[in-house]
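The structure comes first, then the details.

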Amino acid sequence: MGFNCGIVGLPNVGKSTLFNALTQTIAAQAANFPFCTIEPNTGRVAVPDKRLDKLVEMVNPKNIVPTQLEFVDIAGLVKGASKGEGLGNQFLANIRETDAVIHVLRCFENDNITHVEGSVDPVRDAEIVKMELMIADLESLQKRIEQLRKKATAGDKDAAVNVRVMEPIIAALQKGKPASTAAPDKADKEAYKCYKMLQLLTSKPVLYVCNVDEDSAATGNKFSEAVAEMAKQEGAQSVIISAEIESEVAQLESEAEKKDFLEALGLEETGLSKIIHAGYDLLGLQTYFTAGPKEVRAWTFVKGMKAPQCAGIIHSDFERGFIRAETISYDDYVKFGGEQGCRDAGKIRSEGKEYQVQDGDLMNFLFNV
C-alpha cells in the first residue's frame, strides 16, 4: 500500500522542477512559462528507510523491495480556475483523484522567473489556490443537494445521510473554511463513508512545501516563516526545500556524494526524505517488514490496522484465511541478530486477529484458505 500525492500550486513556483528531482526523471518539462505541464505526470519513488537498509545488511537477501510513494505533477492553477480559467477544469479533475495535496509555494525572489501574480507572497498564493478549491467544492455540493433533499423528504435513507453530511460542509465553505473543518466524526461510520465518497477537493490533507533559494535551504527565510505560521493556524504542516538543490542532488550517482553535497550546505537529509516523513505523518501511514533469504520487503499500512488487514496488503487470501501472525519488533530483531536469535530469546510473539500492527514490526502471517 502506497499513497498518491498531487503536487499543486500556481505556475512557476517550482512544481515541475521538484517533481523531476523527486522522481529523478525528466518526464515533466520544467520551463519558465505557465502551463508547461499540460498532462499530469506520475512518478514513483522508493521510500528511503534506514531500517530496511539494516535488515538487508543482516539478511543479505536475493531481492530488496522498498515501499513506494507516487507523485503526480498537476498543471499550474490560476485565479479563476473554478470557473475554467487557464487549465482550471483539468486541474480540479486531476487533484480530485489524489489522496493528499503537496502545495508548493514560491518562497524565493528571482527577477528572471516570472510570477503569475507579479510579486512573491506565498501566503497570498496559498489563499488563491484554497479559494479556488473551496469555490469548486461549494458549487459541486450546491448542484446536488436540492435533489437529495427531495429524496430524503420522500424517505430515501441514503439521501438523508448525504444531506446530513453536506449541509454543515456547505455552511463551512460559505464562510471560507475548507470541507475538512466540517467532516463528520469517524465513529459515525455511515456519515464518514459518505463524506469520503464526496471526494471534495478541500477534504484532502495538505502539506505546504516552501521552495526557497539555495542559501535559505538550511534555515528558511521570511517567506517560509510566514507559511509556517499559516500552516500552524490551520493545523497543517510545512517543510522547507530547495527544488534547485534537489535537482542537483538527483544528478549525483553515489550516496556518499549526495551526503557530502548536503553536508556542505548544512543539510541533514534531502527534500524527498522531508516530504515523505511529513507525508506519512499527514496520512497516518506506517511501515512493517517481511524478511527472509529470498526477499526483504517494506509494506506501508495505515496506523491502527489490525494484523489480518495488514496481511491482506500482501494478498487477499492472507486476510481471508488469517490464523495468526508471528511478530518481532524491529528493535528486538536487530538486538538479537535476526529471526533465530529472537526465537532463542523468546522474542517472537504470536499475535491474533485483534493485534494492531506497530511501526517497524517484522511479520510472518500464517493462513489457511
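In β4, Leu 69 is the bridge partner of Val 45. The model is predicted. Strand β2 and strand β4 (residues 68-73) run antiparallel, joined by six bridges.

These two strands belong to an open sheet of six, with the order β2-β4-β1-β5-β6-β7 and mixed pairing. Its edge strands, β2 (41-46) and β7, each pair on one side only. From one strand to the next, the twist averages 25°.

| Helix | Strands touched | Direction angle |
|---|---|---|
| α4 (residues 122-153) | β5 (100-106), β6 | about 145° with β5 |
| α10 (residues 271-283) | β1 (3-8), β2, β4, β5, β6, β7 | about 175° with β7 |

At the β7 end, the pairing is parallel: strand β6 (residues 206-211) and strand β7 (residues 237-241) share five bridges. Leu 207 stands opposite Gln 237 in β7. Together with helix α7 (residues 222-234), β6 and β7 make a right-handed β-α-β unit.

Now the rings. The structure holds six aromatic pairs. Tyr 288 lies in strand β8 (residues 285-291) and Phe 365 in strand β12 (residues 362-367), so the pair ties together parts 77 residues apart in sequence. Both Tyr 288 and Phe 365 are buried.

One aromatic cluster is formed by Tyr 288, Trp 299, Phe 301, Phe 322 and Phe 365. Over the ring of Trp 299 sits the charged end of Arg 297, 4.1 Å from the ring centre.

How values were computed: Residues numbered from 1 in each chain as written. Predicted model: local features only at pLDDT ≥ 70, side-chain atom pairs only at ≥ 80, totals over all residues. Heavy atoms only, no water. Phe/Tyr/Trp six-rings, centres within 6.5 Å; stacked < 30°, edge-to-face > 60°. Helix = DSSP H or I, 4+ residues; strand = E, 2+ residues; numbered from the N terminus. Buried < 20%, exposed > 50% of the residue type's maximum accessible area, 1.4 Å probe, protein only. Lys NZ or Arg CZ within 6 Å of the ring centre and 35° of its normal. Pairing = 2+ DSSP bridges. Right-handed = clockwise from strand over helix to strand, strands pointing away. Axes fitted to C-alpha atoms, helices over the stretch in contact; angles between N-to-C directions. Contact = heavy atoms within 4.5 Å.
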